[in-house]
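Biologist: I would like to learn how to read a few features of a structure like this one. Please take them one at a time.

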Amino acid sequence: MNQTEYSVAPVLRDKLNFQLTIFVIVRTVFNTFYRMIYPFLSVFAKGFGVDLRTMSYAISARSLMGLISPILASVADSRGRKAGMLIGTIIFTATICLLVFWPTFIAFFISLSLGMIGYLIFVPSMQAYLGDRVPYEKRGRVLGITE
């Protein structure tokens, strides 16, 4: 190896480590939004003034978004990995802001559904991005860390 190869490798490794840290933080936020509904279902229902059956319809609508995930996952292929991550994050953030500024059950319903769409766009884009940049031997570990 010559001198330039030694100086480039640590910079790329440090950049990937930084990106991996950011991905773990973003995935933690996304997964918290996705999973926090279950233990607090009755609290949310009481807060919005609806019964548990109505809350279960909101969760069902969110889960139905998974049916269109193959279409949404292709955003990374058609628009690029970074664009897919950005689009997913923007959709997710916009839906959370909707709920913050309009705290009603309708906004909650919309936020759950559209937040799931952002999640379903971001995750495959992030995984494809890491798959493009991480050597095959280390890819499983890196993807496991983000999970």
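Biologist: Which residues form a nonpolar patch on the surface?

Modeller: This is a predicted model, and in it Phe18, Ile22, Ile25 and Val29 form such a patch. Together they have about 380 Å² of accessible area.

Biologist: Now the inside. How many residues does the largest nonpolar core have, and which have the most contacts inside it?

Modeller: That core has 32 residues, and Phe23, Met55, Phe108, Phe122 and Leu130 have the most contacts within it. Two or more residues each come from helix 1, helix 2 (41–48), helix 3 (52–64), helix 6 (81–101) and helix 7 (105–133). Helix 7 contributes the most, 13 residues.

Biologist: What does phenylalanine 23 touch, not counting residues up to four places away in sequence?

Modeller: Phenylalanine 23 touches Met85, Phe122, Met126, Tyr129, Leu130 and Thr146.

Biologist: And serine 111: is it buried or exposed?

Modeller: Serine 111, in helix 7, is buried because its relative accessibility is 0%. With neighbours within four places in sequence left aside, its contacts are Phe33, Thr95, Ile96, Leu99 and Met116.

Biologist: How should I read aromatic pairs?

Modeller: A pair of aromatic rings is described by the distance between the centres and the angle between the planes. The whole structure has 12 aromatic pairs. In one of them, tyrosine 34 and tyrosine 119 are stacked, at 5.6 Å centre to centre with 5° between the planes.

Biologist: Which parts does that pair tie together?

Modeller: Tyrosine 34 is in helix 1 and tyrosine 119 in helix 7, so the pair ties together parts 85 residues apart in sequence. Both tyrosines are buried.

Biologist: What about phenylalanine 105 and phenylalanine 109: what kind of pair do they form?

Modeller: That pair is tilted, with 6.5 Å centre to centre and 45° between the planes. Both residues lie in helix 7, four residues apart, about one turn of the helix. Phenylalanine 105 is buried because its relative accessible area is 16%. Phenylalanine 109 has 31%, so it counts as partly exposed.

Biologist: Which residues do ring pairs link into a cluster?

Modeller: The cluster consists of Phe23, Phe30, Phe33, Tyr34, Phe92, Tyr119, Phe122 and Tyr129.

Methods: Residues numbered from 1 in each chain as written. Predicted model: local features only at pLDDT ≥ 70, side-chain atom pairs only at ≥ 80, totals over all residues. Heavy atoms only, no water. Patch = residues over 30% accessible without salt bridge, like charges linked within 9 Å, V, L, I, M, F, W, Y side chains within 5 Å. Areas by Shrake-Rupley, 256 points an atom, 1.4 Å probe, with all protein chains shown as cover. Salt bridge = Lys/Arg side-chain N within 4 Å of Asp/Glu carboxyl O. Core = buried A, V, L, I, M, F, W, Y, C linked by side-chain atoms within 4.5 Å. Buried < 20%, exposed > 50% of the residue type's maximum accessible area, 1.4 Å probe, protein only. Contact = heavy atoms within 4.5 Å. Phe/Tyr/Trp six-rings, centres within 6.5 Å; stacked < 30°, edge-to-face > 60°.
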